[in-house]
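Please keep the explanation brief.

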Amino acid sequence: MTSIEPADPADPLDELAPLLSSGNEAALAGVYREFAPALRSILLLETRNAALADDLLGETFLELVRDRQRLEFDGEAPGRRLRAYLVRAARNNLIDWRRKAARREDKELTDTVLEGHLDEAATPEDLAVLGAELAAALERLAGLSDPQREVLELRFIAGLSVAEVAEATGNTVGAVKALQHRAVRRLARLSHAQSDEA
(Lines give C-alpha, C1' and ligand atoms only; values in the text may rest on other atoms or scores of the structure.)
Protein backbone atom coordinates (compact mmCIF):
# COMPACT_ATOMS: atom_id res chain seq x y z
CA MET A 1 0.00 0.00 0.00
CA THR A 2 1.43 3.34 -1.03
CA SER A 3 1.23 6.30 1.29
CA ILE A 4 0.49 9.67 -0.17
CA GLU A 5 2.56 12.47 1.31
CA PRO A 6 0.55 15.64 1.94
CA ALA A 7 1.64 18.59 -0.14
CA ASP A 8 3.60 21.26 1.66
CA PRO A 9 1.30 24.13 2.56
CA ALA A 10 1.84 27.15 0.35
CA ASP A 11 3.86 29.93 1.91
CA PRO A 12 1.57 32.97 2.08
CA LEU A 13 4.60 35.25 1.77
CA ASP A 14 5.40 33.75 -1.64
CA GLU A 15 2.38 35.58 -3.08
CA LEU A 16 2.84 38.78 -1.09
CA ALA A 17 6.58 39.39 -1.46
CA PRO A 18 6.63 40.12 -5.22
CA LEU A 19 3.87 42.72 -4.80
CA LEU A 20 5.87 44.84 -2.36
CA SER A 21 8.08 46.60 -4.91
CA SER A 22 5.02 48.00 -6.70
CA GLY A 23 3.89 49.74 -3.50
CA ASN A 24 0.97 47.40 -2.85
CA GLU A 25 -0.23 48.42 0.63
CA ALA A 26 -2.44 45.34 1.05
CA ALA A 27 0.63 43.14 0.44
CA LEU A 28 2.60 45.07 3.05
CA ALA A 29 -0.24 44.68 5.57
CA GLY A 30 -0.41 40.96 4.77
CA VAL A 31 3.33 40.54 5.34
CA TYR A 32 3.00 42.34 8.66
CA ARG A 33 0.06 40.14 9.77
CA GLU A 34 1.86 36.98 8.70
CA PHE A 35 5.36 37.53 10.11
CA ALA A 36 5.33 40.39 12.65
CA PRO A 37 4.08 38.28 15.61
CA ALA A 38 6.97 35.80 15.28
CA LEU A 39 9.52 38.57 14.82
CA ARG A 40 8.12 40.46 17.83
CA SER A 41 8.40 37.32 19.96
CA ILE A 42 12.08 37.04 19.13
CA LEU A 43 12.70 40.71 19.89
CA LEU A 44 10.77 40.37 23.14
CA LEU A 45 12.94 37.44 24.21
CA GLU A 46 16.09 39.35 23.31
CA THR A 47 15.15 42.66 24.98
CA ARG A 48 12.76 41.50 27.72
CA ASN A 49 10.94 44.78 27.14
CA ALA A 50 7.61 44.96 25.31
CA ALA A 51 7.84 48.63 24.35
CA LEU A 52 11.37 48.25 23.05
CA ALA A 53 10.44 45.09 21.09
CA ASP A 54 7.59 47.04 19.49
CA ASP A 55 9.93 49.93 18.62
CA LEU A 56 12.48 47.60 17.02
CA LEU A 57 9.73 45.78 15.13
CA GLY A 58 8.36 49.09 13.86
CA GLU A 59 11.82 50.19 12.73
CA THR A 60 12.29 46.88 10.91
CA PHE A 61 9.06 47.28 8.96
CA LEU A 62 9.85 50.95 8.26
CA GLU A 63 13.06 49.73 6.63
CA LEU A 64 11.02 47.35 4.51
CA VAL A 65 8.80 50.25 3.42
CA ARG A 66 11.85 52.37 2.57
CA ASP A 67 13.67 49.54 0.77
CA ARG A 68 10.80 47.74 -0.94
CA GLN A 69 11.13 49.44 -4.32
CA ARG A 70 14.73 48.31 -4.71
CA LEU A 71 14.19 44.82 -3.28
CA GLU A 72 13.51 41.98 -5.67
CA PHE A 73 11.45 39.07 -4.44
CA ASP A 74 10.58 37.53 -7.80
CA GLY A 75 11.75 34.05 -8.74
CA GLU A 76 12.22 31.05 -6.49
CA ALA A 77 11.13 31.14 -2.81
CA PRO A 78 10.32 34.88 -2.51
CA GLY A 79 8.75 34.32 0.92
CA ARG A 80 11.94 32.74 2.23
CA ARG A 81 14.03 35.64 0.92
CA LEU A 82 11.63 38.17 2.48
CA ARG A 83 11.78 36.42 5.87
CA ALA A 84 15.59 36.42 5.70
CA TYR A 85 15.56 40.16 4.89
CA LEU A 86 13.25 40.94 7.84
CA VAL A 87 15.25 38.80 10.28
CA ARG A 88 18.53 40.44 9.19
CA ALA A 89 16.98 43.92 9.50
CA ALA A 90 15.58 43.16 12.98
CA ARG A 91 18.89 41.66 14.05
CA ASN A 92 20.80 44.74 12.85
CA ASN A 93 18.36 47.05 14.67
CA LEU A 94 18.84 45.02 17.86
CA ILE A 95 22.64 45.18 17.53
CA ASP A 96 22.47 48.96 16.97
CA TRP A 97 20.26 49.38 20.03
CA ARG A 98 22.67 47.31 22.15
CA ARG A 99 25.66 49.38 20.99
CA LYS A 100 23.88 52.65 21.81
CA ALA A 101 22.76 51.29 25.19
CA ALA A 102 26.32 50.22 26.00
CA ARG A 103 27.64 53.69 25.14
CA ARG A 104 25.00 55.26 27.39
CA GLU A 105 25.72 52.63 30.05
CA ASP A 106 21.99 51.92 30.28
CA LYS A 107 20.86 49.56 32.97
CA GLU A 108 18.64 46.62 32.07
CA LEU A 109 15.11 47.80 31.46
CA THR A 110 12.53 46.72 34.00
CA ASP A 111 9.50 46.53 31.72
CA THR A 112 7.90 43.11 31.94
CA VAL A 113 8.09 40.52 29.19
CA LEU A 114 4.49 39.68 29.89
CA GLU A 115 3.14 43.17 29.09
CA GLY A 116 0.71 43.07 26.22
CA HIS A 117 0.47 39.27 26.23
CA LEU A 118 -1.86 38.53 29.09
CA ASP A 119 -5.57 37.98 29.18
CA GLU A 120 -7.11 40.91 31.05
CA ALA A 121 -9.13 38.42 33.09
CA ALA A 122 -6.00 36.60 34.34
CA THR A 123 -6.04 36.04 38.08
CA PRO A 124 -3.07 36.79 40.34
CA GLU A 125 -2.53 33.02 40.60
CA ASP A 126 -2.43 32.74 36.78
CA LEU A 127 0.12 35.55 36.64
CA ALA A 128 2.27 33.93 39.31
CA VAL A 129 2.31 30.55 37.51
CA LEU A 130 2.98 32.15 34.12
CA GLY A 131 5.71 34.34 35.60
CA ALA A 132 7.42 31.34 37.21
CA GLU A 133 7.25 29.30 33.98
CA LEU A 134 8.56 32.20 31.94
CA ALA A 135 11.38 32.87 34.39
CA ALA A 136 12.44 29.21 34.22
CA ALA A 137 12.35 29.21 30.40
CA LEU A 138 14.35 32.45 30.19
CA GLU A 139 16.88 31.07 32.68
CA ARG A 140 17.38 27.98 30.50
CA LEU A 141 17.70 30.10 27.34
CA ALA A 142 20.27 32.29 29.11
CA GLY A 143 22.37 29.13 29.55
CA LEU A 144 22.85 28.91 25.78
CA SER A 145 25.43 30.71 23.71
CA ASP A 146 24.13 33.67 21.69
CA PRO A 147 24.36 31.75 18.37
CA GLN A 148 22.55 28.73 19.85
CA ARG A 149 19.76 30.90 21.29
CA GLU A 150 19.39 32.80 18.02
CA VAL A 151 19.06 29.58 16.01
CA LEU A 152 16.36 28.24 18.36
CA GLU A 153 14.45 31.53 18.26
CA LEU A 154 14.52 31.66 14.47
CA ARG A 155 13.66 27.98 14.05
CA PHE A 156 10.94 27.57 16.66
CA ILE A 157 9.54 31.03 17.31
CA ALA A 158 9.86 32.59 13.86
CA GLY A 159 9.25 29.21 12.20
CA LEU A 160 12.10 29.51 9.71
CA SER A 161 13.55 26.45 8.02
CA VAL A 162 17.20 25.49 8.52
CA ALA A 163 18.03 27.00 5.11
CA GLU A 164 16.21 30.24 6.00
CA VAL A 165 18.08 30.50 9.31
CA ALA A 166 21.36 29.93 7.47
CA GLU A 167 20.54 32.69 5.01
CA ALA A 168 19.39 35.11 7.73
CA THR A 169 22.45 34.57 9.95
CA GLY A 170 25.12 34.08 7.30
CA ASN A 171 25.90 30.55 8.49
CA THR A 172 26.00 27.36 6.49
CA VAL A 173 23.14 24.87 6.72
CA GLY A 174 25.51 22.44 8.47
CA ALA A 175 26.50 25.04 11.05
CA VAL A 176 22.83 25.85 11.78
CA LYS A 177 22.04 22.14 12.24
CA ALA A 178 25.01 21.75 14.59
CA LEU A 179 24.04 24.82 16.62
CA GLN A 180 20.45 23.61 16.89
CA HIS A 181 21.55 20.12 17.95
CA ARG A 182 23.90 21.46 20.63
CA ALA A 183 21.27 23.96 21.84
CA VAL A 184 18.57 21.30 22.21
CA ARG A 185 20.97 18.99 24.07
CA ARG A 186 22.02 21.84 26.36
CA LEU A 187 18.39 22.81 27.07
CA ALA A 188 17.59 19.18 27.91
CA ARG A 189 20.49 19.08 30.40
CA LEU A 190 19.43 22.41 31.93
CA SER A 191 15.79 21.26 32.23
CA HIS A 192 16.92 18.00 33.84
CA ALA A 193 19.13 19.89 36.31
CA GLN A 194 16.25 22.23 37.22
CA SER A 195 13.87 19.32 37.80
CA ASP A 196 16.47 17.60 40.02
CA GLU A 197 16.75 20.76 42.12
CA ALA A 198 12.95 21.04 42.55
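Helix 6 and helix 7 cross in a right-handed manner. (A crossing is right-handed if the near helix is turned clockwise from the far one by less than a right angle, and left-handed if anticlockwise.) The axes of this pair come within 10 Å and cross at roughly 130°. That makes helix 6 oblique to helix 7. Angles under 35 degrees count as roughly parallel, over 145 as roughly antiparallel, 65 to 115 as roughly perpendicular, and the rest as oblique. Axes are lines fitted to C-alpha atoms, for helices over the stretch in contact, and angles run from 0 to 180 degrees between N-to-C directions. Helices are DSSP runs (H or I, at least four residues), numbered from the N terminus.

This is a predicted model: local features need pLDDT of at least 70, side-chain atom pairs count only at pLDDT 80 or more, and totals for chains, interfaces and linings use all residues. Residues are numbered from 1 along each chain as its sequence is written, and side-chain values use heavy atoms, without hydrogens or water.

Which residues make the contact of helix 6 with helix 7? Helix 6 supplies Glu150, Val151, Leu154 and Arg155, and helix 7 supplies Val162, Val165 and Thr169. Contact means heavy atoms within 4.5 Å. By class, these residues are 4 nonpolar, 1 polar and 2 charged. (Ala, Val, Leu, Ile, Met, Phe, Trp, Tyr, Cys and Pro count as nonpolar; Asp, Glu, Lys and Arg as charged; the others, Gly among them, as polar.)

Now take helix 7 itself, residues 162-169. Of its 8 residues, 6 are buried, so helix 7 is largely enclosed by the rest of the structure. Buried means under 20% relative accessible area, exposed over 50%, and partly exposed in between (1.4 Å probe, protein chains only). The buried residues are Val162, Glu164, Val165, Ala166, Ala168 and Thr169. Gly170 follows helix 7 and has a positive phi, near 80°.

Helix 6 also packs against helix 2. Helix 2 (residues 25-47) and helix 6 (residues 146-157) meet at an angle of about 150°, with axes 9 Å apart. That makes helix 2 roughly antiparallel to helix 6. Their crossing is right-handed. Ala38, Ser41, Ile42, Leu45 and Glu46 of helix 2 touch Arg149, Glu153, Leu154 and Ile157 of helix 6. This contact has 5 nonpolar, 1 polar and 3 charged residues.

Finally, look at Gln148, in helix 6. Gln148 is buried, with a relative accessible area of 11%. Its side chain reaches the backbone nitrogen of Ser145 at 3.1 Å. Leaving aside neighbours within four places in sequence, Gln148 is in contact with Leu179, Arg182 and Ala183.

Conventions
Helix = DSSP H or I, 4+ residues; strand = E, 2+ residues; numbered from the N terminus. Polar contact = N/O pair within 3.5 Å; in protein donor to acceptor, adjacent residues only side chain to side chain.
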